[in-house]
Structure formats: C-alpha cells, structure tokens
Amino acid sequence: MKKSLSKEIILNKEFHIDFKGYNAVEVDQFLDQVMNDYIYFEDVILQQKELLKKYEDALSQQKRVILEYEGKTRADALIPREVTQTDLLKRVSKLEEAVFNKE
C-alpha cells in the first residue's frame, strides 16, 4: 500500500466553504496536527531504514567472517598435522604388536 498523502499535500489542501460548514480554524489546526504526525512518521521511517541498512551490513560482514572461518577450518583439516616422535613410537609399537602377537 502506497501512501497517498504527504506533508505538502496536507499543507496546501483547501476546502470549499459552505454556509453551514466546519470551523475553518479548527480544520486548519487539525490538519496541522496531521501534518506534524506525517513529518514525525517520515522521520521514524527514515531512521528505521538507516538502522535496517546498518544491521544488514553487519549481517553480511558476519556471514563473510563465518565463510572465511569455515574455509580455514576445512583447509586445516586437509593439512596433515605434524607427526611427533611419540606418534611414531605408538605406531611402531602397534605394528610390532600386530606382527609378533600373530602367533
């Protein structure tokens, strides 16, 4: 739904005067209140749009960080870890056990 009124339309609106019409001053005061509300709500909408853009930018930055982290994690998983002497001794021990205890 698109808004059909703006502060300019409200400000420039003119009414025909009838013999038994509304009090022009009261109508004018009411339209001033309506116009002020429009100005306020336009400001609120603008602030909300700016805030939404800020949050969307922060979200996209977080998504980039997550993708970067996941890429590093995958790369780390593919790189063999450093083999220590303890690892080699454990492996030799298991092989000896498998060979000599096969009897």
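The largest pocket here is lined by K13, E14, F15, H16, I17, D18, G21, Y22, A24, V27, D28 and L31, and about 330 Å³ of space lies in this pocket. Before I go on, please keep in mind that this is a predicted model, in which local features need pLDDT of at least 70, side-chain atom pairs count only at pLDDT 80 or more, and totals for chains, interfaces and linings use all residues. Residues are numbered from 1 along each chain as its sequence is written, and side-chain values use heavy atoms, with hydrogens and water left out.

By a pocket I mean, on a 1 Å grid over the protein atoms alone, an open set of points where a 1.4 Å probe fits, with protein on both sides within 12 Å along at least five of seven lines, and lining residues have an atom within 4 Å of a point. The volume is the space filled by probe spheres set on the points, which are joined across faces, edges and corners.

The second largest pocket, at about 170 Å³, is lined by K3, D37, Y38, F41, E42, I45, L46 and K49.

F41 and I45 also belong, together with Y40, to a nonpolar surface patch of about 340 Å²; such a patch joins nonpolar side chains (Val, Leu, Ile, Met, Phe, Trp, Tyr) within 5 Å, from residues with over 30% relative accessible area and no salt bridge.

Finally, which side chains meet in a salt bridge? They are those of K53 and D57, at 3.4 Å from N to O, where the rule asks for a side-chain nitrogen of Lys or Arg within 4 Å of a carboxyl oxygen of Asp or Glu.

Terms used
Patch = residues over 30% accessible without salt bridge, like charges linked within 9 Å, V, L, I, M, F, W, Y side chains within 5 Å. Areas by Shrake-Rupley, 256 points an atom, 1.4 Å probe, with all protein chains shown as cover.
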